[in-house]
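Here is my note on this model, in numbered points. Please read it with the coordinates open.

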Amino acid sequence: MRTFLERQRYLLDYTLSSLARRKGKNLSLLAVYTLVVAALASVLFYTQALRREARLVLRGAPELVVQRLAAGRHDLLPDRWVGALAGIRGVADARGRLWGYGWDPISRANYTVLVPEAFWGARGEAVVGHGVARARGLAAGDRLLLRAADGGYLSLAVREIVPEESELVAADLVLVGEEDFRGLFGIPPGLFTDAVLAVRNEREVDTIAAKVTRLLPDARAIGRSEILRTYDSVFGWRSGLVVVVLLGAVLAFGIVAWDKASGLSAEERREIGILKAIGWETSDVLAMKAWEGAAISLAAFALGVLLAFGHVFLGDMALLAPVLRGWSTLQARFRPVPFVEAWELAALFLLTVVPYTAATLVPSWRAATADPDAVMRS
Amino acid sequence: MRASTRFLLSLAAAVALLAAAALHARAERAARAPEIAARAALVRRLGLTDLCLFTEARYTRHPSQADRFAPFQDHPGALEHFPSGALVPAPER
């Protein structure tokens, strides 16, 4: 065993000195490889952090949301619907909700205007999200003007600002009382945006959702588990973001692997020929090449993962955040909480280290099994 | 010092840094648990359904409440809200 380890160390010594002879090429390869791993790991860390956060935070989302659809579009529902929903066996409570979107031409941003179940402010008052306060330069006590459906303006006194730590869920919220909401959007009494149901037994949610659509065929019921699943799919392995970055990384790897697999440089072939001529076995050459692949890919993996960790959790996603922000002028500012799963790191390892190491072995095996004289002459 | 010793020591240092990152993540999760709890409490109190990630369109602001047609309700043949529209796939239903 000791002899084996010593042998491997000598091989590693030789590999490192061989890599050092082509310092420029190998360092640039290491840099590109590290950046590919860092880009992939950044997206993985970020999406995983958001997915876990969504799962933890949205556990308190309504158990069942019922929308009315009219001609394929979300429509307002009448209060008799709320009564009918409350009458379904297994429903503990049904409540009509009022919420909608308000376009603010001053900050050129969309706000989510919402009436909480028990709004704690008075009529004419609003509680605004930190993002809204930032976009409009508001502080508690200031006035917020919103354009109403009738062409006039609704002036609201800012009662308080939702704490900054809640930006991830509340950056664009404007919380108002029912009268102000109906006045702002011109929605007559007796109509609601949607309804939320509290269910007696959580395991019966699917059954109750089926009862809802049987009772009200133009209704659409959305359970809490579907809300959570939405975020799993938005930030899952199959999500657009991951696919876009993964595709880039896979292509980059494809080029590197193809370059490696399509042949060694003349210098590398000569080196293998000389090694064979002075008595190296084919297995020694392959072990040396395996060490070469492993040394580069392990170093790139470790550096890439460390860079990604620093970028996402310490550097506030400085490089990826502009991509994620989109068109909106109102953006939530938040620092992702580091949730890193071991299996994701293992998958990243398998996707990056193994293919590269394998790609270095194939052409070396071809050169190492050929006649040393022919290899040196070619 | 042998090259292999230097390399193995650097690799060990990288592994130690990765372990430190894992410990940092753990400490950060514990330290910021009240912050997550506050967000969860706000979600429960207001009956919120979505994270506020992209505010430019209805189907990106509330992906869980949107349907397949939502992206096209803004206007027919709507220009994609890039890049968030590319990041948030069409709802499953």
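1. Start with helix α6 (residues 178-185) of chain A. Its buried residues are Asp180(A), Phe181(A), Leu184(A) and Phe185(A). Buried means that 20 or more other C-beta atoms, placed from the backbone, lie within 10 Å of the residue's own. Helices are DSSP runs of H or I, at least four residues, and strands are runs of E, at least two, numbered from the N terminus.

2. Viewed down the axis of α6(A), the buried residues fall within an arc of 110°, so they line one face of the helix. The arc is taken over directions from the helix axis to the C-beta atoms. Cover for these residues includes β4 (91-104), β5 (109-115), β7 (143-147) and β8 (153-161) of chain A. Just after α6(A), Gly186(A) has a positive phi of about 65°.

3. A word on provenance. This is a predicted model: local features need pLDDT of at least 70, side-chain atom pairs count only at pLDDT 80 or more, and totals for chains, interfaces and linings use all residues. Residues are numbered from 1 along each chain as its sequence is written, while chains are lettered from A and ligands numbered from 1 in the order in which they are written.

4. Chain A is assigned domain 1 (8-58 + 235-377) and domain 2 (62-233). The bounds come from an automatic or database domain assignment. The C-alpha centres of the two domains lie 47 Å apart.

5. Between the chains, the contact takes 61 residues from chain A and 47 residues from chain B. Contact means C-beta atoms, placed from the backbone, within 7 Å. On the chain B side, α1(B) gives the largest share, eleven residues.

Note on methods. Contact = placed C-beta atoms within 7 Å. Buried ≥ 20, exposed ≤ 12 C-beta atoms within 10 Å, placed from the backbone.
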